[in-house]
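Here is a short note to read beside the model. Please keep the sequence open as you go through the points.

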Amino acid sequence: RSRRGHSAPPVACRFYGSTGQLILTSGMDRTFRVTCTVRDEFNAELSQGSVIKKAKLKGVKAEELRLPPITAFSAEEARERDWDNIASCHRDMSVVRTWNLQNKCIGKHKLVPRGVPGAAKAECVVVSHCGNFILIGYSSGHVEGFNIQSGLHRGVFGESKSHDGPV
């Protein structure tokens, strides 16, 4: 096995876990990868589903069906064996996606904003230390919370919005 990386420039990079052996990266090539600094066999691209099969059926390039590049993400190992444990913001999207590192695939939930103007995009995201909640900051200045296990909306922070500018 050999190490592989992104085929386009990386966008975000974070160490994962308490050992410092795993690195999560996203790239302009629309991929999300996990790299182990110790053992090459743990390196993988997190799956976005059967993109290649769907592309063949629709007669389009697989690249067109992939999610836009990830601009920000957050991960927490506390509940990784129980449910999705990564959340990601994508370029020009208001919807935040969850991922499951244990299964190395896209997660169950699309977190759709409730009290945010339609043109606002998700700018930043954080998974709580306990691994139960996600907070999302939007370009409109709004901040919303979601339960990562169920994907349910748990509230809006601030009276009308949290910030006067983008979060």
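1. A term first. Buried means under 20% relative accessible area, exposed means over 50%, and partly exposed lies in between (1.4 Å probe, protein chains only). By that scale Arg 39 is partly exposed, with a relative accessible area of 43%.

2. On the source. This is a predicted model, in which local features need pLDDT of at least 70, side-chain atom pairs count only at pLDDT 80 or more, and totals for chains, interfaces and linings use all residues. Residues are numbered from 1 along each chain as its sequence is written, and side-chain values use heavy atoms, with hydrogens and water left out.

3. Salt bridges. How many salt bridges does the structure hold? There are five. The term stands for a side-chain nitrogen of Lys or Arg within 4 Å of a carboxyl oxygen of Asp or Glu. One of them joins Arg 39 to Glu 41, with the closest N and O atoms 2.4 Å apart. Glu 41 is partly exposed, at a relative accessible area of 41%.

4. Arg 33 and Glu 45. Their side chains meet in a salt bridge (3.6 Å, N to O). Arg 33 lies in strand β3 (residues 32-36) and Glu 45 in strand β4 (residues 44-45), so the pair ties together parts that are 12 residues apart in sequence. Helices (H or I, at least four residues) and strands (E, at least two) are DSSP runs, numbered from the N terminus. Is Arg 33 buried or exposed? Arg 33 counts as buried, at 9% relative accessibility. Glu 45 is partly exposed, with a relative accessible area of 32%.

5. Asp 82 and Arg 79. This pair of side chains also forms a salt bridge (2.8 Å, N to O). Asp 82 is partly exposed at 48% relative accessible area, and Arg 79 counts as partly exposed at 29%. Elsewhere, salt bridges that share partners join Arg 33, Glu 45 and Arg 66 into one network.

6. The sheet. Four strands form an open sheet in the order β9-β10-β11-β12, with antiparallel pairing. β9 (122-127) and β12 (153-157) stand at the edges, each with a single partner strand, so one side of each has no neighbour in the sheet. Neighbouring strands are turned by 20° against each other on average, direction ignored. For such angles, axes are lines fitted to C-alpha atoms, for helices over the stretch in contact, and angles run from 0 to 180 degrees between N-to-C directions.

7. Inside the sheet. Strand β10 (residues 133-138) and strand β11 (residues 143-147) pair in the antiparallel sense over five bridges. Two strands pair if DSSP finds at least two bridges between them. Ile 134 stands opposite Phe 146 in β11.

8. The largest pocket. About 350 Å³ of space lies there. A pocket is an open set of points on a 1 Å grid over the protein atoms alone, where a 1.4 Å probe fits, with protein on both sides within 12 Å along at least five of seven lines; lining residues have an atom within 4 Å of a point. Which residues lie nearest its centre? Of the 15 lining residues, Tyr 16, Leu 22, Glu 80, Leu 101 and Gln 102 do.

9. The second largest pocket. About 190 Å³ of space lies in this one. A volume is the space filled by probe spheres set on the grid points, which are joined across faces, edges and corners. The lining includes Arg 66, Met 93 and Ile 106. Helix α1 (residues 51-58) gives the most to the lining, with three residues.
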